[in-house]
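Visitor: Could you take me through this model, beginning with the overall fold and then turning to one residue?

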Amino acid sequence: MKTIGLIFGILSIFGMILGFIPCLGAFNWLNIPFATVGLILSILGYNQEKQINMPTGAAVTGIVLCAIAIFLGSLRLVLGAGIV
């Protein structure tokens, strides 16, 4: 789960960057739910690793990347009038 969450985090960052290109801001409507799924998977992977005392680096990185993509993508939708 931690690896899938990390991959979702990386892809959601690329999707967020794509959403910042003019005329492609609506792409964030797809990217934010994708990043939310990645965030949930990363949190689940983090909790599983913590219970068995394994390193949690990939899970934490996935959590951070997905949270950044959700926050900045939502901010882009709000400021770019994408919610209308």
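This is a predicted model: local features need pLDDT of at least 70, side-chain atom pairs count only at pLDDT 80 or more; totals for chains, interfaces and linings use all residues.

Residues are numbered from 1 along each chain as its sequence is written, and side-chain values use heavy atoms, with hydrogens and water left out.

Visitor: Which pattern does the chain follow along the sequence?
Guide: Helices (H or I, at least four residues) and strands (E, at least two) are taken as DSSP runs, numbered from the N terminus. The chain has three helices and zero strands, and, read along the sequence, its pattern is α-α-α.

Visitor: What share of contacts between residues at least 6 apart in sequence join residues at least 24 apart?
Guide: A contact here means heavy atoms within 4.5 Å. Among the contacts in the chain between residues at least 6 apart in sequence, the share joining residues at least 24 apart is 69%.

Visitor: Is N31 buried or exposed?
Guide: N31 belongs to helix 2, which covers residues 28–51. Buried means under 20% relative accessible area and exposed over 50%, with partly exposed in between (1.4 Å probe, protein chains only). Because its relative accessibility is 4%, N31 counts as buried.

Visitor: Which residue has its backbone oxygen 3.0 Å from a polar atom of the N31 side chain?
Guide: Leaving aside residues up to four places away in sequence, N31 touches L11, S12, G15, M16 and A69. The backbone oxygen that lies 3.0 Å from a polar atom of the N31 side chain belongs to S12.

Note on methods
A polar contact is a pair of N or O atoms within 3.5 Å; within protein, one must be able to donate a hydrogen and the other to accept it, and residues adjacent in sequence count only if both atoms are side-chain atoms.
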